[in-house]
Amino acid sequence: LIFEDDVCPEKDFIQRLWSLVVEELPCDWDAVSLYSRCPFGRCVSERLTRVQPDTNEPMWRCRHGVNWGFQGMLYRTENIERIQKIWQPIVFDEEKPNCLYLDNALAAISDRVNFYAVPAAQSPGFLRELDWSGSERINMNHEAGGGNPWHTCATSGCNKTFNAGDKCQCNDHCFKFNDCCHDYEANCQHPGPSTFCFTLMQAGSYEQTLLQDQLSIGAGIFGCSAYSVFSNQGVTLYGPQNVQTSVIEGAIAVGYSSADDTALNTAVFVKVWNKLFTENKFADYDWTVKADADTVFIPGRLVEHLRPNTEGYPNGRTDAVYVLNCGLGLHGPIEVLSQKATMLFKDGGLVNCVAWNVSDRSITGEDDFMSKCWQRLGIERIIDFGVLDEAHCGGTVSPCMSGKVAFHPFKDVSSWRTCLWQAQR
């Protein structure tokens with residue numbers, strides 16, 4: 001039994017653990033996580049899941065994004081050497097850097113190792129995290145690296161200047177000083193599919209404050225290949241390059257459904273999409289992305305998902321597809337549409353869907369309208385639950401360490417930046 005130093009066992013831990021091993025664990029078990037976030041697998045008893053590889057995620061990304069947590073691990077001693085022989089080559093595979101996350105790697109090979117887990121959401125569980133403390137393992141890694149141990153160009157962008165706090169760099173001089181991040185060449189020299197990103201902003205609201213801060217650090221949609229901000233008023237956001245909003249005529253404030261408090265915003269976003277089509281900036285890019293202002297969105301990670309390959313995505317220019325980001329259906333904090341699909345949506349698709357009344361605007365929001373419209377137009381969907389982390393979709397959003405592309409919601413600058421820092425770390 002191995003604990004990290006930032007957890008506290010529950011008072012009846014020994015009795016609980018003995019009960020779990022004797023009464024619930026199947027006889028074939030090799031390892032058990034006693035505190036697993038974002039569990040993915042099959043329920044086998046009242047407190048236990050049999051971890052399974054998340055085949056929604058490709059192996060080159062180490063099935064990244066589920067079964068997080070090594071706060072408390074139980075191993076069958078006689079099987080440790082066998083587990084290591086399977087585990088070690090995966091962890092130290094240079095072509096799969098995400099497998100350096102040990103919990104990620106063990107979950108990815110759970111078809112070969114009998115790995116079980118107790119979901120962290122159980123209350124009472126076996127362990128409690130001491131949020132005020134923090135694991136010494138993380139602190140040691142941070143100090144040894146002289147900066148951010150998990151820094152990558154995919155999470156932090158291709159910077160043009162030297163960042164003194166980072167162990168590795170993503171700037172034009174890193175080859176000269178031999179300090180490039182492992183993914184510098186893939187992300188900065190061969191940047192992959194291009195993205196046009198946009199958002200809707202209520203002028204004078206918290207959304208304007210959030211976007212102003214994001215622009216100042218080049219984060220969120222401002223890390224995309226190109227971007228637009230739509231608003232009910234002409235507003236200048238000040239940053240390294242000032243951004244002028246595109247004005248949507250009429251009010252953009254919306255009501256809410258009495259059934260589930262959903263924002264009834266379909267009509268507003270129909271106007272936004274029509275404005276986007278008129279400007280036609282999206283047509284120069286491979287993918288179109290809509291992201292809400294309170295979504296912590298990491299464009300570099302999305303690009304890694306969007307690279308065409310045999311396990312993943314098709315070509316954004318030639319294939320009409322959208323990304324299904326949530327098990328309950330398309331969810332609006334981030335929406336991803338290929339350029340081919342966006343052209344179909346523009347060339348009569350949106351007008352037809354409005355005429356067809358594809359959704360009930362009195363009880364559902366724009367995401368329901370969009371998904372039903374895109375399906376009606378014959379636009380294929382790609383299931384990728386590695387794009388969005390949100391409680392609505394069964395995720396554990398904070399801390400923002402699931403490895404996903406976007407996290408929602410964070411409605412003030414402090415919490416938004418904290419989430420970004422956690423995701424980058």
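This note goes through the predicted model point by point, from the whole chain down to single residues.

1. Basis. The model is predicted, so local features need pLDDT of at least 70 and side-chain atom pairs count only at pLDDT 80 or more, whereas totals for chains, interfaces and linings use all residues. Residues are numbered from 1 along each chain as its sequence is written, and side-chain values use heavy atoms, with hydrogens and water left out.

2. Overall dimensions. Along the principal axes, the C-alpha atoms fill a box of roughly 65 × 55 × 40 Å.

3. Content and burial. The secondary structure comes to 13 helices and 20 strands; these are DSSP runs numbered from the N terminus, helices being H or I with at least four residues and strands E with at least two. Of the 425 residues, 53% are buried (buried is under 20% relative accessible area, exposed over 50%, partly exposed in between, with a 1.4 Å probe and protein chains only). Taking contacts (heavy atoms within 4.5 Å) between residues at least 6 apart in sequence, 68% join residues at least 24 apart.

4. Six-stranded sheet. An open sheet of 6 strands runs in the order E1-E6-E3-E7-E5-E4, and its pairing is mixed; two strands pair if DSSP finds at least two bridges between them. Strand E1 (2-3) and strand E4 (41-43) each have a single partner strand, so one side of each is left without a neighbour in the sheet.

5. Strand E3. In E3 (residues 31-36), 6 of the 6 residues are buried. Antiparallel pairing with E6 rests on 3 bridges, and Ser 33 has Met 73 as its bridge partner there. Toward strand E7 (residues 115-119) the sense is parallel, over 4 bridges. On that side Ser 33 stands opposite Ala 117, and Ser 36 is bridged to Pro 119.

6. Helix H2. This helix (residues 80-91) has 12 residues and spans 15 Å from its first C-alpha to its last, close to the expected 16 Å, where the expectation is 1.5 Å times one less than the number of residues. Its buried residues are Ile 83, Ile 86, Trp 87, Ile 90 and Val 91. An α-helix has 3.6 residues a turn, so residues three or four places apart point the same way. Strand E6 (72-75) and helix H3 (102-108) are included in what covers the buried residues of H2. The face turned away from them carries the exposed residues Glu 81, Lys 85, Gln 88 and Pro 89.

7. Nonpolar cores. A core here is a set of buried Ala, Val, Leu, Ile, Met, Phe, Trp, Tyr and Cys residues joined through side-chain atoms within 4.5 Å. The largest has 32 residues, and those with the most contacts inside it include Trp 273, Leu 337, Phe 345 and Trp 374. Elements that each supply at least two of its residues include strand E10 (226-231), helix H11 (339-356) and helix H12 (366-376). H9 gives the largest share, 7 residues. Beyond four places in sequence, the contacts of Phe 345 include Trp 273, Phe 277, Met 370 and Trp 374. Another core, of 29 residues, lies apart from this one, with Ala 293, Phe 297, Val 321 and Val 336 among them.

8. Ile 248. This residue sits in the loop between strand E13 (246-247) and helix H9 (266-279). Ile 248 is buried, with a relative accessible area of 3%. Phe 230 is 18 residues away along the chain, with the two C-alpha atoms separated by 6.6 Å. Leaving aside neighbours within four places, Ile 248 is in contact with residues including Phe 230, Asn 232, Lys 271 and Val 272.

9. His 305. His 305 belongs to helix H10 (residues 299-306) and is buried, at 5% relative accessible area. Not counting residues up to four places away, His 305 touches Glu 57, Arg 61, Tyr 313, Asp 384, Gly 386, Val 387 and Val 405.

10. Three-stranded sheet. A second open sheet has the order E15-E20-E19, with mixed pairing. Its edge strands, E15 (296-297) and E19 (388-389), each pair on one side only. E15 runs antiparallel to E20 (residues 406-407) over 2 bridges, and Val 296 has Phe 407 as its partner.
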